[in-house]
Amino acid sequence: LSFIGTENRLLPVEGLMGGRLPTGTPNQAWLSVDLLQVLCYHVVDSTNLPTLREMVEYPLKHCPEVLLLTMAAVPPMEFTLLQREVFSILLPVYLTNNQINTPLVLHRLWVVNRSLVLEMLVEYFL
């Protein structure tokens, strides 16, 4: 299954270091805003969250930059449980650890969704 032709997707995250693919995975699934939107909106309560956690386990480990940036691009309905979960796991990694891709990720994150970044920063530091 390929998401290369998906209309609503982020551009590849060019400039990633450390051997990270700018597309996340060869099928570019984690660049698809549509895919993540469906996953986010599917979790309206915590009953589906364990299954969806399992689904995003691979990108959390292998392409966290792409997952975080695409998750930030999901159109706001309200900040969903899955978005909150991904942000609570990944954002501290880029705020507290000196990751090689931190400057690139934080810059792109700011460009993609400033209000979400501000909301998560307030939540993180309070």
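Tutor: Let's settle the helices before anything else: helices (H or I, at least four residues) and strands (E, at least two) are DSSP runs, numbered from the N terminus. Residues are counted from 1 along each chain as its sequence is written, and side-chain values rest on heavy atoms, with hydrogens and water left out. This is a predicted model, so local features need pLDDT of at least 70 and side-chain atom pairs count only at pLDDT 80 or more, while totals for chains, interfaces and linings use all residues.

Here pLDDT is the predictor's confidence in each residue, from 0 to 100. The protein averages 89, with 95% of its residues at 70 or more. Helix 4 has the highest confidence, a mean of 96, and helix 2 the lowest, at 85.

Now for your salt bridges, meaning a side-chain nitrogen of Lys or Arg within 4 Å of a carboxyl oxygen of Asp or Glu. The structure has five of them.

Start within one helix. Lys61 and Glu57 pair up at 3.4 Å, N to O. They sit four residues apart in helix 3 (residues 57-62), so about one helical turn separates them. For accessibility, buried means under 20% relative accessible area, exposed over 50%, and partly exposed in between (1.4 Å probe, protein chains only). Lys61 is exposed at 54%, whereas Glu57 is partly exposed at 40%. Shared partners also turn up: salt bridges join Arg84, Glu119 and Glu123 into one network.

Next come the pairs that reach across the chain. Glu65 bridges to Arg20, with the closest N and O atoms 3.3 Å apart. That ties helix 4 (residues 64-72), where Glu65 lies, to the segment before helix 1 (33-42), which holds Arg20; the two are 45 residues apart. Glu65 counts as buried, at 3% relative accessibility, but Arg20 is partly exposed at 28%.

Arg53 is partly exposed, with a relative accessible area of 37%.
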